[in-house]
Amino acid sequence: MVLATVLAASMTTQANFDRVPLADNAIFGDLGDYWTENMAAFGVTGYSVVAIKDGKVVLLDAVGERDPFAGKEADIDTRYYIASITKTMTAA
């Protein structure tokens, strides 16, 4: 299973995917609650997450705000500025 957590990172949907909510996903249990509870501690206003198992999207969700000043919620099409964090996400 591949799990990509994107906290201040980029997730774009080039194809049409349906949202698969974290809250309704038994595979991940309370992980979403843990992430959401710790957002303030790390200064994160929103995040997007995707998980793929056996080539199928089993989780696709966004939580929080993409623009806290304007009160705009994050969604599965939200794009985040990630700078050079991809090096740590792709290093083997």
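Helices (H or I, at least four residues) and strands (E, at least two) are DSSP runs, numbered from the N terminus. V50 lies in one such run, strand β2. The structure is a predicted model, in which local features need pLDDT of at least 70 and side-chain atom pairs count only at pLDDT 80 or more, while totals for chains, interfaces and linings use all residues. Residues are numbered from 1 along each chain as its sequence is written, and side-chain values use heavy atoms, with hydrogens and water left out.

Confidence was examined through pLDDT, the predictor's confidence in each residue, from 0 to 100. The chain has a mean pLDDT of 74, and 75% of its residues reach 70 or more. Of the elements, strand β1 (residues 2–6) has the lowest mean pLDDT, 45, whereas β4 has the highest, 93. Over residues 1–14 the pLDDT stays under 50; for this segment the model has 38 contacts beyond four places in sequence, a contact being heavy atoms within 4.5 Å.

Two helices and four strands make up the elements of the chain. Their order along the sequence is β-α-β-β-β-α. Of the contacts in the chain with a separation of 6 or more, 58% are between residues 24 or more positions apart.

Strands are described as paired if DSSP finds at least two bridges between them. Strand β2 (residues 46–53) and strand β3 (residues 56–67) run antiparallel and are joined by eight bridges. Within this pairing, V49 has D61 in β3 as its bridge partner. The two strands form a hairpin with two residues between them, and D54 in the turn has a positive phi of about 55°. Strand β3 is also joined to strand β4 (residues 72–73), again antiparallel, by two bridges. Here E65 stands opposite E73 in β4. The hairpin of β3 and β4 has four residues between the strands, and G71 takes a positive phi near 70°.

The accessible surface of the chain is about 6,400 Å², and carbon and sulfur atoms account for 53% of this area. Accessible areas come from the Shrake-Rupley method with a 1.4 Å probe; for residues, only the protein chains shown count as cover. A residue is buried under 20% relative accessible area, exposed over 50%, and partly exposed in between (1.4 Å probe, protein chains only). By this criterion, 29% of the 92 residues are buried. V50 counts as buried because its relative accessibility is 18%. The C-alpha atoms of V50 and V20 are 8.9 Å apart in space, although the two residues are 30 apart in sequence.

A nonpolar core is a set of buried Ala, Val, Leu, Ile, Met, Phe, Trp, Tyr and Cys residues joined through side-chain atoms within 4.5 Å. The largest such core has 11 residues: L22, F28, W35, M39, V44, Y47, V49, A51, V58, L59 and V63. At least two residues of this core come from each of β2 and β3.

Rings of Phe, Tyr and Trp (its six-membered ring) pair if their centres lie within 6.5 Å; planes under 30 degrees apart count as stacked, over 60 as edge-to-face and the rest as tilted. The structure holds one aromatic pair. W35 and Y47 form this edge-to-face pair, with 5.6 Å from centre to centre and 85° between the planes. The pair links distant parts of the chain, as W35 is in helix α1 (residues 31–37) and Y47 is in strand β2, 12 residues apart. W35 is buried because its relative accessibility is 15%, and Y47 is buried with a relative accessible area of 0%.
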